[in-house]
Amino acid sequence: MKVKALREAFDILSSQIPREFEEVQNENSADIKIKFVTGQHSDTQPFSRNKIIYAHADTSGILHFNDDTIWKVYENGDKIMPAAVDFNWVALHELGHVLGLPHNNDIKAPDSIMREDYKNSVDARGFYLRPRLDLADIDNIKKIYGEKVVRQNRTGAKNANSKCSEYKSNTDIIGNNLINKPGQPENCCGFCRVTKDCEAFIWNSHNGGTCWLKSGSAITAPADGFFMGTI
Ligand SMILES: [Zn+2]
Ligand SMILES: [Zn+2]
């Protein structure tokens with residue numbers, strides 16, 4: 001569960017910046033070294049039972065989770081467990097640090113994943129809502145790594161993606177909703193091609209990446225982190 005949550009946190013970040021992350025088993029060849037440890041763990045930042053620190057990370061690629069924490073890998077809609085700490089939130093926050101993001105306690109960004117104080121991410125009814133990057137986080141990470149350039153699938157004319165338009169970044173389509181499917185930007189065109197009435201789509205990082213299929217694209221609006229495509 002934690003490994004899946006970590007993969008999803010990497011996906012959320014790589015969906016915004018021109019960086020791909022590859023999982024390797026050999027620690028020596030890893031740029032980012034993730035460990036679950038307790039107490040003293042042979043670095044200069046031991047975890048202590050007196051002061052609860054859930055994790056620490058830095059741009060050298062160190063990411064240590066304190067395994068004395070009661071971790072919970074929530075799914076959307078779960079009831080919040082008061083004693084547990086949301087692993088999704090801490091993983092995304094700490095990976096932000098690994099990639100160079102500092103804390104962001106700006107009152108204008110109350111939902112930034114880089115807020116110093118952990119909080120439960122909940123929907124209007126108080127049930128779990130998977131944390132994501134807010135606009136400030138997306139801006140800040142792009143300031144470090146630049147804009148992600150989303151290309152069409154280059155496998156060419158033989159597959160369903162062949163008749164898709166170029167993607168247009170930071171654009172949303174208002175209304176015209178058909179269905180949505182989990183996927184990365186390069187998947188959306190193929191989904192749309194095989195879905196009745198689909199003429200356009202939006203991709204964003206919702207739940208690690210979602211294609212929102214649309215019956216048209218008449219009305220668009222600027223939206224950070226969204227990609228629009230038509231077929
Ligand atoms: Zn450590
Ligand atoms: Zn932090």
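Which residue in E9 is the bridge partner of Lys181?

The structure is a predicted model. Its mean pLDDT over the chain is 89, and 93% of the residues reach 70 or more. Confidence falls in one stretch: over residues 152-161 the pLDDT stays under 50, and for these residues the model has 15 contacts beyond four places in sequence.

The domain assignment divides the chain into domain 1, residues 2-145, and domain 2, residues 156-230. Taken over C-alpha atoms, the centres of domain 1 and domain 2 are separated by 28 Å. Contact between the two involves ten residues of domain 1 and six residues of domain 2. On the side of domain 1 that touches domain 2, the elements giving two or more residues are helix H1 (2-14) and helix H3 (135-145). Of these, H1 supplies the largest share, three residues. By class, this side of domain 1 is made up of four nonpolar, two polar and four charged residues.

A UniProt record, an unreviewed entry, places the feature "domain: Peptidase metallopeptidase" at residues 2-147.

An open sheet of three strands has the order E1-E3-E2, with mixed pairing. Strand E1 (33-37) and strand E2 (55-57) stand at the edges; each has a single partner strand, so one side of each is left without a neighbour in the sheet. On average, neighbouring strands of this sheet are turned by 10 degrees against each other, direction ignored. E1 runs parallel to strand E3 (residues 62-66), and five bridges join the two. Within E3, Asn66 is the residue that stands opposite Val37. Helix H2 (residues 87-98) lies across E2 and E3, and H2 runs at about 25 degrees to E2.

The other sheet is also open. Its five strands follow the order E6-E10-E8-E9-E7, and their pairing is antiparallel. The edges are taken by strand E6 (168-173) and strand E7 (177-182), and because each has a single partner strand, one side of each is left without a neighbour in the sheet. Neighbouring strands are here turned by 45 degrees against each other on average, direction ignored. In general, strands of a sheet pair through backbone hydrogen bonds, either parallel or antiparallel. E7 is joined by four bridges to strand E9 (residues 210-214), and the two run antiparallel. The opening question is answered here: in E9, Cys211 is the bridge partner of Lys181. Helix H4 (residues 185-193) packs on this sheet, where H4 touches E7, strand E8 (200-204), E9 and strand E10 (220-230). The direction of H4 makes about 30 degrees with that of E9.

Terms used. Residues are numbered from 1 along each chain as its sequence is written. Chains are lettered from A and ligands numbered from 1 in the order in which they are written. This is a predicted model: local features need pLDDT of at least 70, side-chain atom pairs count only at pLDDT 80 or more; totals for chains, interfaces and linings use all residues. UniProt positions are given in the numbering used here, feature names are shortened, and annotations may be inferred rather than shown by experiment. Domain bounds come from an automatic or database domain assignment. Two residues are in contact if their C-beta atoms, placed from the backbone, lie within 7 Å. Ala, Val, Leu, Ile, Met, Phe, Trp, Tyr, Cys and Pro count as nonpolar, Asp, Glu, Lys and Arg as charged, and the others, Gly among them, as polar. Two strands pair if DSSP finds at least two bridges between them. Axes are lines fitted to C-alpha atoms, for helices over the stretch in contact, and angles run from 0 to 180 degrees between N-to-C directions. pLDDT is the predictor's confidence in each residue, from 0 to 100.
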